[in-house]
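Subject: Structure handover and findings

Hello,

Here is the structure we discussed. Please open it beside this note and follow along.

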Amino acid sequence: MSREIMEYDVVIVGGGPAGLCASIRLKQLAQTQGREISVCLLEKGSEIGAHIISGAVIDPIALDELFPNWFDLKAPLNTPVTADDFLYFFDQKALEIPHWLIPKMMRNQGNYIVSLGQVCRWLATQAEKLGVEIYTGFAASELLFSDSGAIIGVATGDMGLDKNSKPLPEFTEGVELHAKYTLISEGTRGSLAEKVIKQFSLRSKSNPPKYGIGFKELWRVPQSQHHRGFVMHGLGWPLDNQTGGGIFMYHYDKDLVSFGMIIHLDYTNPHLSPYDEFQRAKTHPVIRYYLEGGERIGYGARAVNEGGIQSLPKLSFPGGALLGCSAGMINLARIKGSHNAMKSGMLAAEAVIEAVFQGRAHDELTSYTERFKNSWIHQELSQTRNLKPLLKLGTFQGMMLGGASLWLEQMGIGKKLPTLQHKIPDHASLVPANEAPIIRYPVYDSVLTFDKLSSVALTGTHHRDNQPVHLHIKDPSVPVSTNLVFFKGPEQRYCPAAVYEFVEKEGQMALKINAQNCIHCKTCDIKDPQQNIEWRTPEGGEGPQYSTM
């Protein structure tokens with residue numbers, strides 16, 4: 001069967017901040033020149049925002065540029081930051097870092113606490129008003145190439161296949177979307193982004209990528225415990241000094257609290273369970289004070305980029321470009337990436353408009369890279385380049401030295417500092433289980449702490465049962481022969497959704513994959529010690545259904 005083909009000037013993969021802002025900027029620029037440009041945006045979630053999860057405290061700098069009148073347009077930035085605390089946690093106490101010691105870049109005055117999903121839905125409304133065609137529930141699963149090897153578009157995945165990849169009566173073939181330029185904005189560890197990076201060797205001159213796993217719960221708390229506009233960040237307990245990560249808490253709306261934790265995926269102990277560290281963090285007296293008596297109404301998890309500018313791949317390739325978190329533009333020091341993602345989409349749009357209106361197609365958007373290098377994104381990521389490498393010295397030492405490096409940057413002399421490098425990819429950091437201390441986690445109380453399955457239930461995750469498993473095991477023998485033997489099966493612990501479990505089958509141990517639980521965090525694709533797991537897109541419209549995350 002020959003697939004249906006749809007033609008556009010630009011196809012954008014991913015309906016997050018980067019892709020949406022790229023689509024809007026394309027239409028805005030075309031309007032100012034009195035010309036037309038056709039733009040299609042694909043989102044694999046059932047709706048815009050369905051797969052969006054973030055803290056989130058957003059810097060409005062990019063939004064100010066895109067829509068100077070965003071307030072009048074009723075953008076959902078309704079809770080300005082009013083208080084901004086930074087704490088170092090011990091097991092029963094916490095030390096507040098004086099505000100004057102915090103580098104200016106890490107402060108949150110002028111920022112807003114938001115639901116990033118709601119922001120994306122608002123951006124989608126603005127994009128559609130400008131004429132952008134947005135198709136939700138369609139997963140771009142395949143890159144399309146010209147005879148010369150350039151990207152000429154993408155194809156959506158087939159729908160209605162059984163678990164053996166055989167067509168069912170309701171089978172629907174995927175559609176090809178051809179474009180002069182294809183912009184990839186799938187978020188962290190995107191499937192097509194990884195294929196593009198490998199196809200064109202875009203990481204040949206960069207450090208290995210670095211990642212964390214970010215958890216978030218949404219709580220509705222009593223008014224007496226709610227402080228609208230309050231922001232808290234913290235390091236230390238429950239993690240030991242050699243395990244990177246930290247917590248965040250944001251109070252917004254009338255009674256909502258976002259509580260979350262990021263754990264760096266270069267941790268070494270295979271007995272560590274990131275999910276259980278997150279649950280344990282809520283038992284600290286400082287955190288318990290704000291959450292106890294409240295109701296947990298949301299949960300989610302997602303991998304986040306942490307490598308910074310050293311780990312950025314080349315941003316352009318023949319026929320397109322990488323945007324936002326598909327490239328890795330999160331600023332770890334600020335725990336923010338949305339503003340950078342939005343700006344990267346705008347910069348890519350400027351390069352695309354220039355190319356299309358010159359009559360070009362499928363060539364490399366080198367001007368996007370130049371625009372990026374001259375932007376405030378590049379300046380910001382350059383200033384924070386040494387924070388992540390310094391954290392390898394230990395959380396406390398890294399915090400002190402990283403803070404000093406940011407102060408030097410603020411004083412204008414940081415450019416003279418050498419750039420420290422990332423040398424080891426996260427999947428290679430685990431030590432053998434018999435060389436690491438066993439960690440005993442408290443029993444869940446179902447009041448403040450919860451098991452994985454009850455948490456997954458809050459995500460609204462759904463996958464059709466009879467379809468090919470989207471978590472591909474390259475060598476089926478590796479999970480038992482290597483991961484279980486040497487690392488005690490870390491898949492069971494690093495996954496935040498109980499997807500992987502080892503069970504006895506016919507007298508032997510085997511890996512069971514509960515793919516229906518998958519919340520699309522991509523952690524398994526990153527942390528598997530043998531890189532034996534490949535996360536592939538399931539049918540469009542499936543996965544989590546985050547409403548206000």
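**The loop at His 362**

His 362 sits in the loop between helix 8 (338-356) and helix 9 (366-373). Its phi is near 65 degrees, a positive value in a residue other than glycine. With 30% relative accessibility, His 362 counts as partly exposed. The cut-offs: buried is under 20% relative accessible area, exposed is over 50%, and partly exposed is in between (1.4 Å probe, protein chains only). Helices (H or I, at least four residues) and strands (E, at least two) are DSSP runs, numbered from the N terminus.

**How to read the values**

This is a predicted model, where local features need pLDDT of at least 70, side-chain atom pairs count only at pLDDT 80 or more, and totals for chains, interfaces and linings use all residues. Residues are numbered from 1 along each chain as its sequence is written, and side-chain values use heavy atoms, with hydrogens and water left out.

**Helix 8 against helix 9**

The axes of helix 8 and helix 9 come within 8 Å and cross at roughly 140 degrees. That makes helix 8 oblique to helix 9. Axes here are lines fitted to C-alpha atoms, for helices over the stretch in contact, and angles run from 0 to 180 degrees between N-to-C directions. Angles under 35 degrees count as roughly parallel, over 145 as roughly antiparallel, 65 to 115 as roughly perpendicular, and the rest as oblique. The crossing of the two helices is right-handed.

Which residues meet? From helix 8 come Ser 344, Leu 347, Ala 348, Glu 350, Ala 351 and Glu 354; from helix 9 come Ser 367, Tyr 368, Arg 371 and Phe 372. Contact means heavy atoms within 4.5 Å.

Glu 350 lies in helix 8 and Arg 371 in helix 9, so the bridge ties together parts that are 21 residues apart in sequence. Arg 371 is partly exposed, at 24% relative accessible area.

**Other salt bridges**

How many salt bridges does a search of the whole structure find? The count is 27. The criterion is a side-chain nitrogen of Lys or Arg within 4 Å of a carboxyl oxygen of Asp or Glu.

Lys 388 and Glu 306 meet through their side chains at 2.6 Å, N to O. Lys 388 lies in helix 11 (residues 387-391) and Glu 306 in the loop between strand 18 (295-305) and strand 19 (316-317), so this pair ties together parts that are 82 residues apart in sequence. Both ends are buried: Lys 388 at 5% relative accessibility, Glu 306 at 2%.

Lys 314 bridges to Glu 364, with the closest N and O atoms 2.8 Å apart. Lys 314 is in the loop between strand 18 and strand 19, Glu 364 in the loop between helix 8 and helix 9, 50 residues apart. Lys 314 is partly exposed at 43%. Glu 364 is partly exposed at 22%.

There is also a network. Salt bridges that share partners join Lys 210, Asp 266, Glu 306, Lys 388, Lys 392 and Asp 426.

Strand 9 (residues 140-145) pairs with strand 10 (residues 151-156) in the antiparallel sense, over five bridges. Pairing requires that DSSP find at least two bridges between the strands. Glu 142 has Ala 155 in strand 10 as its bridge partner. Five residues separate the strands of this hairpin, and Gly 149 in the turn has a positive phi of about 100 degrees.

Strand 11 (residues 159-161) and strand 12 (residues 167-172) are antiparallel too, over two bridges. Leu 161 is bridged to Pro 167 in strand 12. This hairpin has five residues between the strands, and Ser 165 takes a positive phi near 65 degrees.

**Backbone points to check by eye**

- Gly 55 and Ala 56 are joined by a cis peptide bond, omega about -5 degrees. Ala 56 is in the loop between strand 2 (39-43) and strand 3 (57-58).
- Trp 237 to Pro 238 is cis, with omega near 10 degrees. Pro 238 is in the loop between strand 15 (230-236) and strand 16 (245-252).
- Ser 201 has a positive phi of about 50 degrees although it is not a glycine. Ser 201 lies in the loop between helix 4 (191-199) and strand 14 (211-220), and is partly exposed at 46% relative accessibility.

Best wishes

How values were computed
Left-handed = near helix turned anticlockwise from the far one by under 90°.
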